[in-house]
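Student: Can you walk me through this structure? I'm new to it.

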Amino acid sequence: MSTDSTNPPAAPEADDYLERRALRRGSAGWLLLTGLGVAYVVSGDFSGWNFGLAEGGFGGLGIAMVLMGLMYTCMVFALAELSSILPTAGGGYGFARRALGPWGGFLTGTAILIEYILAPAAISIFIGDYVESLGLFGLTSGWPVYLACFVIFIGIHLWGVGEALRFSFVVTGIAVLALLVFAVGALPDFDASNLNDIPVDASAFGSSSWLPLGLLGIWAAFPFGMWFFLGVEGVPLAAEETKDPARTLPKAIRWSMAILVFLALLTFFAAAGARGSDAIQEAGNPLVEALQPDGEATTLSRIVNYAGLAGLVASFFSLIYAGSRQLFALSRAGYLPRFLSLTSSRKAPYLGLLVPGAIGFALAAATGDGARMLNVAVFGATISYALMSLSHIVLRRREPNLERPYRTPGGVLTSSVALVLACSALVATFLVDVTAAFIALAVYVVAVAYFGLYSRKHLVAKAPEEEFAALAAAEAELERN
């Protein structure tokens, strides 16, 4: 029945409603989840971040990376606490549902879905570009490659979550090893003068050799600084398939972030210092470019090139997983059509995998514009970050006595820092790609109309996230009486 007392009750659910929507419990420990957290992000180390050099230069992108790293660090500490309180597949939607009500939960979940449906579509295009550039099987980048990506990797997810996470862990390990090999090969050529070799725009306010496009360049580089960390917040979405989630999730989130910070610093300095910021600022494959000062391929550059493909596969694969779990949770609770949360005999949300996959493939095949889709994904991500950080603050102040197996260091100060930086990053997306921002807003308008006119009147009270919120409402009512 409906969980909103202002709405008429929905038709009662069948007794086996949740049984037909069950995930496989206990499939992942902290090590696999740490690998999942790194997998979400690792493709961003191989490409994408370097376009921020064209927005802010080495200094501007460097400051943006530090600030966005601070935002993610503060946010994942807050998420570690929230996931220990509510370890369900809803992740960010579930946290916001408890703190901000049904509207807050829906807006957060929708923002997360925008990120996790658009990002794999973009990455499938990048995989096609890599396949073509490497001359694999004589293929060119196009819809057959995109289709193969979705069919093969969604197929592995349908096989089972344990198998999927182990596959992701192996591919991610290959990509991380390649980043370390890249650094070993590039750092001997490191020259500090290469870092700030982008020509200075004297007309830009506050411009210098380190900030060639001025102080505003720092802000414009925010979305690209995010690419070193974008997606790590998806770890809590594996909560219902995790062993001892209250302990495992916070540990995996912290370790994932620590590894990503290390890889970001290593990659950023090694690539720019070896080849020069100016040379790699528009490169589709900046790490390979950094290893080829004369434009001639070397054994090491070929190895890194192939490993870049592994990094893209790891992120593509894991983001499909995250999107399916967020869609599963929203559907199970009635925010989206309920049939989307049905699971197979292997406990995989098959429609939650197939429907976003079909949408992602259609977008990739129709547009071929990976950069635009990534910018739309970033816009959705920043909205969800702001709402999740706000949820932590609200729950800390409204329910200080709520049992918290893990507590965020710094408390609301930590999540407040994340909130301010997330809002700043949201505004920065308009500086980079205003069209992408308005596309995301248009998707939001359609989703909000659906929720306001229909689904908010048909929420499922027995869904874990809704029960958690209902319990809070009942406790508050008892206190008032």
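Student: Which residues lie nearest the centre of the largest cavity?

Tutor: S43, G44, I123, L230 and L374 lie nearest its centre, among the 16 residues that line the largest cavity. A cavity here is a set of points, on a 1 Å grid over the protein atoms alone, where a 1.4 Å probe fits but cannot get out, and lining residues have an atom within 4 Å of a point. This is a predicted model: local features need pLDDT of at least 70, side-chain atom pairs count only at pLDDT 80 or more, and totals for chains, interfaces and linings use all residues. Residues are numbered from 1 along each chain as its sequence is written, and side-chain values use heavy atoms, with hydrogens and water left out.

Student: How much space lies in the largest cavity?

Tutor: About 170 Å³. A volume is the space filled by probe spheres set on the grid points, which are joined across faces, edges and corners.

Student: And how do its lining residues divide?

Tutor: Eleven are nonpolar, four polar and one charged. Ala, Val, Leu, Ile, Met, Phe, Trp, Tyr, Cys and Pro count as nonpolar, Asp, Glu, Lys and Arg as charged, and the others, Gly among them, as polar.

Student: Which helix gives the most to the lining of the second largest cavity?

Tutor: That is α13, with five residues. At least two residues each come from α4, α5, α12 and α13 (350-367). The lining holds ten nonpolar, five polar and no charged residues.

Student: New topic. At what angle do α4 and α5 pack?

Tutor: Helix α4 (residues 92-134) and helix α5 (residues 143-159) pack at about 120 degrees, with their axes 9 Å apart. Axes are lines fitted to C-alpha atoms, for helices over the stretch in contact, and angles run from 0 to 180 degrees between N-to-C directions.

Student: Which residues of α5 make the contact?

Tutor: V145, Y146, C149 and F150. From α4 come P120, A121, S124, I125, I127, G128 and V131. Contact means heavy atoms within 4.5 Å. The contact residues divide into nine nonpolar, two polar and no charged.

Conventions. Helices (H or I, at least four residues) and strands (E, at least two) are DSSP runs, numbered from the N terminus. On a 1 Å grid over the protein atoms alone, a cavity is a set of points where a 1.4 Å probe fits but cannot get out, and a pocket is an open set with protein on both sides within 12 Å along at least five of seven lines; lining residues have an atom within 4 Å of a point.
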